[in-house]
Amino acid sequence: MTTNKKLQQKQQQYVNQLKAEKNPYQIAAGGAFIDSMKSVGYKHDGSKSAELCDNMIEAGASKMVIDISGIKGGKVSQLVFADDGIGMPEEIIPAAMTWGGSDRLNSADLFGRFGFGLPSAANSLGDEYSVISKQEGGDFHAVTFSLLKAKKGDYTDKNGTLCMPKAQKYKLTSELKALLEQHYDNFVSGTI
């Protein structure tokens, strides 16, 4: 198993790479691409959820929580995946939400190798998702991505490139705060 220090060193190398790139959060070829990625071959929601659990394990989580809420008419309106892993620097959050955005490209360690798990699974589970993360001693930062907004052009820059929004400082909602308090004795770092 990889140590936290080694994980953090890999993350810092990736942050340095992102800072050197002119447009590090480019998504791909527009809303149609994202829409088509919603059906990349997952047979059921369990497979999609397993992708997100793989990421939690790779982040060094000792505890993972999946909270299902807002069930109406047999449909779930919200799924929350939370872990107490090392969390992500704010620069990595939008990169991790893009296809191919990973500090573990071609890694033989554990599961992830190509950076497709998070965006593929999250976009397949719903039309909008947020990634909220905190490293030890740091603040929460978040990015929300909406397929509907992407199709409307809300994430398109002046050059016509569809880009992931940058991470913003985030204050936990009372619901998320209660969820973390319920499941973690002392939440120091992790991703929601």
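Buried means under 20% relative accessible area, exposed over 50%, and partly exposed in between, with a 1.4 Å probe and protein chains only. This report uses that scale for a predicted model, in which local features need pLDDT of at least 70 and side-chain atom pairs count only at pLDDT 80 or more, while totals for chains, interfaces and linings use all residues. Residues are numbered from 1 along each chain as its sequence is written, and side-chain values use heavy atoms, with hydrogens and water left out.

**The chain as a whole**

The protein chain holds seven helices and six strands. Helices (H or I, at least four residues) and strands (E, at least two) are DSSP runs, numbered from the N terminus. Along the sequence, their pattern is α-α-α-β-β-α-α-β-β-α-β-α-β. Of the 192 residues in the protein chain, 42% are buried. A contact means heavy atoms within 4.5 Å. Among contacts in the protein chain with a separation of 6 or more, 66% are between residues 24 or more positions apart.

Helix α3 covers residues 45–58, which is 14 residues. From its first C-alpha to its last, α3 reaches 20 Å, close to the 20 Å expected at 1.5 Å a residue; the expected span is 1.5 Å times one less than the number of residues. The buried residues of α3 are K48, S49, L52, C53, M56 and E58. G60 follows α3 and has a positive phi, near 80°.

Helix α5 (residues 117–125) is mostly covered, with eight of its nine residues buried. These are G117, L118, P119, S120, A121, A122, N123 and S124.

The two helices α3 and α5 pack at an angle of about 145°, and their axes are 9 Å apart. Axes are lines fitted to C-alpha atoms, for helices over the stretch in contact, and angles run from 0 to 180 degrees between N-to-C directions. On the α3 side the contact is made by D45, K48, E51, L52 and N55, and on the α5 side by G117, L118, A121, S124 and L125. By class, the residues of this contact are four nonpolar, three polar and three charged. Here Ala, Val, Leu, Ile, Met, Phe, Trp, Tyr, Cys and Pro count as nonpolar, Asp, Glu, Lys and Arg as charged, and the others, Gly among them, as polar.

K48 is placed in helix α3. Residue K48 counts as buried because its relative accessibility is 12%. Leaving out residues up to four places away in sequence, K48 touches Y42, A121, S124 and L125.

F140 sits in the loop between β3 (128–134) and β4 (141–146). With a relative accessibility of 12%, F140 counts as buried. Apart from residues up to four places away in sequence, F140 touches I132, S133, K134, Q168, K169, Y170, L172, L180, F187 and I192. One of these contacts, L172, is 32 residues from F140 along the chain, and the two C-alpha atoms are separated by 7.7 Å.

Y155 is found in the loop between α6 (147–152) and β5. It is buried, at 12% relative accessible area. Beyond its neighbours within four places in sequence, Y155 is in contact with T144, F145, S146, K149, A150, T161, L162, C163 and P165. Y155 and F145 are 10 residues apart along the chain, with 9.0 Å between their C-alpha atoms.

**The salt bridge**

A salt bridge is a side-chain nitrogen of Lys or Arg within 4 Å of a carboxyl oxygen of Asp or Glu. By this rule there is one salt bridge. The side chains of K169 and D139 form it, at 3.2 Å from N to O. The pair joins distant parts of the chain, 30 residues apart: K169 is in strand β5 (residues 168–169), and D139 is in the loop between β3 and β4.

**Accessibility of selected residues**

| Residue | Relative accessible area | Class |
|---|---|---|
| K48 | 12% | buried |
| D139 | 42% | partly exposed |
| F140 | 12% | buried |
| Y155 | 12% | buried |
| K169 | 61% | exposed |
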